[in-house]
Amino acid sequence: MGLLSSSVSITRYKVHGKIDAPLIQNITEALKKYSINEIDNDPSDKIVGWTSFENPFQPDFEVSSLVIGTHFVFSLRTDKKTIPAKVIQKHCAIETAKRLKECGRDFLSKNEKKMIKDHVMNVLYLRIPATPNIYDIVWNYEDKKLWFFSNLKRANEELETLFVKSFNIVLIRLFPFSIADLESGLSDTERDILSQLSHTTFSK
Amino acid sequence: MQDIAVSYDKYKFLGNEFLTWLWFVLDNKQNIIYDADNDLQSFEIGNRIVLENKVEKRTEIITIKGDDAGLEEGLLSLQKGAVVVEINLSCKTENQKWQFTLKGESLSLSSLKVPAKNIVETKEDIEGAVLDKIYLCEKMIVLVDKLFQRFIKLRISNQWIKNIVPEIKKWVYA
């Protein structure tokens with residue numbers, strides 16, 4: 001569900017840290033450095049990287065507009081190849097039979113079976129295309145706020161990891177406690193009370 | 001700031017209590033909503049509310065779905081000790097409508113539908129559409145934040161136990 005979809009999901013973050021000047025150039029460089037590469041015709045099964053909001057399948061941060069209003073707008077793309085278990089099973093069985101015939105034995109060692117499976121997976125990963133998933137990002141640098149257009153746990157974890165790797169600054173996820181602690185203007189005394197709260201019972 | 005994962009789990013109850021309080025406010029103290037955004041003309045529960053009741057090691061989930069669904073079962077669940085863990089909300093200004101779901105544990109917005117704008121047909125339309133969408137999403141985020149801040153100030157005050165919880169109990173058993 002992208003930013004311009006009719007229905008969106010948003011996970012909010014506070015951005016903790018600063019980027020050296022020149023800001024736009026440094027952000028563009030970091031996005032280019034960690035932009036997504038294609039893994040079709042490659043034995044890799046998964047890749048994560050940045051891509052441009054306007055052209056997610058041909059990322060080009062020089063051409064696409066990264067800055068919209070006071071926001072940086074770009075996307076996280078994860079490409080993943082998924083092979084059905086039964087396809088792997090079938091190809092392993094064919095390869096195992098071939099190997100047994102070649103060496104004239106009745107069984108294969110655990111290590112040989114693992115080598116066959118690894119070989120089969122490599123061949124299959126080379127043959128199937130990766131499925132791309134795109135998650136849009138709106139980053140208001142001045143306000144230290146970032147919106148990630150997905151609530152999927154895995155996608156959020158990928159974002160947090162790649163963000164710190166790319167920009168060397170940390171994303172703090174905003175959820176009830178962190179909103180109360182960081183965004184609600186509480187005094188130190190109030191924050192102490194907050195940290196000692198326990199749940200309320202509304203029934204008699 | 002405590003470790004994020006630890007505080008997420010440890011204080012999960014805060015978001016659920018917020019949603020329970022919000023239902024109480026929607027039923028009894030609508031002025032709190034309009035104080036948070038005076039453009040609003042209505043703010044009500046949408047087509048879904050989910051409650052959770054933890055009894056010893058068991059967890060009961062009660063889901064009420066459907067437009068104009070009766071919420072009596074929800075109140076009954078509150079009487080048994082449940083809290084709201086997810087709520088769909090619908091709000092309107094004079095000529096615009098938003099609808100979204102809030103989850104207690106994360107306070108993230110999902111299935112957020114904002115008022116419809118012009119369709120993007122050319123590359124030049126994109127920038128305007130993005131800015132419109134950001135503005136319309138932000139309006140709801142600001143509203144939720146203001147309400148949550150109001151809740152949290154009450155939650156850490158003496159008023160919570162002294163006044164608010166008795167009022168909520170009175171509503172639950174009315």
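Two residues are in contact here if their C-beta atoms, placed from the backbone, lie within 7 Å. Keep that in mind as you look through these views of a predicted model.

View 1. Chain A brings 37 residues to the contact, and chain B brings 44. On chain B, several elements each supply at least two residues of the side that touches chain A: helix 1 (4-10), helix 2 (12-28), helix 4 (72-79), strand 5 (109-113), helix 5 and helix 6 (159-172). Which of them gives the most to this side? Helix 5 of chain B does, with 13 residues. Sorted by kind, the residues on this side of chain B are 25 nonpolar, 10 polar and nine charged.

**View 2. Helix 5 of chain B, seen from end to end.** This helix has 33 residues. From its first C-alpha to its last it reaches 48 Å, close to the 48 Å expected at 1.5 Å a residue. Now look for its buried residues: among them are B:Val130, B:Ile134, B:Cys137, B:Met140, B:Val144, B:Leu147, B:Phe148 and B:Phe151. Two with charged side chains, B:Lys133 and B:Arg155, are buried as well.

**View 3. The largest nonpolar core and the neighbours of A:Phe148.** In soluble globular proteins, nonpolar side chains tend to be buried together. The largest nonpolar core here has 69 residues. Those with the most contacts inside the core are A:Phe148, B:Leu19, B:Val84, B:Ile87, B:Leu102, B:Leu112 and B:Phe148. Helix 5 (residues 123-155) of chain B gives the most to this core, with nine residues. What does A:Phe148 touch, apart from its neighbours within four places in sequence? Its contacts are A:Thr11, A:Tyr13, A:Tyr135, A:Ile137, A:Asn156 and A:Leu159.

**View 4. The two domains of chain A.** Domain 1 is made of two stretches of chain A, 11-81 and 132-170, while domain 2 covers 85-127. Between the centres of these two domains, taken over C-alpha atoms, lie 39 Å. Chain A has six helices and seven strands. Its radius of gyration is 24 Å, well over the 17 Å that the globule rule gives for 204 residues, so chain A is more spread out than a compact globule. Along the principal axes, its C-alpha atoms fill a box of roughly 80 × 60 × 35 Å.

**View 5. A cis peptide bond at A:Pro22.** Most residues other than glycine have a negative phi, and most peptide bonds are trans. The bond that joins A:Ala21 and A:Pro22 is cis, with omega about -5 degrees. You will find A:Pro22 in the loop between strand 1 (8-16) and helix 1 (23-33) of chain A.

**View 6. Two asparagines with positive phi in chain A.** A:Asn41 has a phi near 65 degrees, and A:Asn168 has one near 60 degrees. Where do they sit? A:Asn41 is in the loop between helix 1 and strand 2 (46-52), and A:Asn168 is in the loop between helix 4 (153-167) and strand 7 (170-173). Are they buried or exposed? A:Asn41 counts as exposed because it has 9 C-beta neighbours inside 10 Å. A:Asn168, with 12 such neighbours, counts as exposed too.

Technical notes. Residues are numbered from 1 along each chain as its sequence is written. Chains are lettered from A and ligands numbered from 1 in the order in which they are written. This is a predicted model: local features need pLDDT of at least 70, side-chain atom pairs count only at pLDDT 80 or more; totals for chains, interfaces and linings use all residues. Domain bounds come from an automatic or database domain assignment. A nonpolar core is a set of buried Ala, Val, Leu, Ile, Met, Phe, Trp, Tyr and Cys residues joined through C-beta atoms within 7 Å. A residue is buried if 20 or more other C-beta atoms lie within 10 Å of its own, exposed if 12 or fewer, and partly exposed in between; C-beta atoms are placed from the backbone. Helices (H or I, at least four residues) and strands (E, at least two) are DSSP runs, numbered from the N terminus. The expected span of a helix is 1.5 Å times one less than its number of residues. The radius of gyration is taken over C-alpha atoms; the globule rule is 2.2 Å times the number of residues to the power 0.38.
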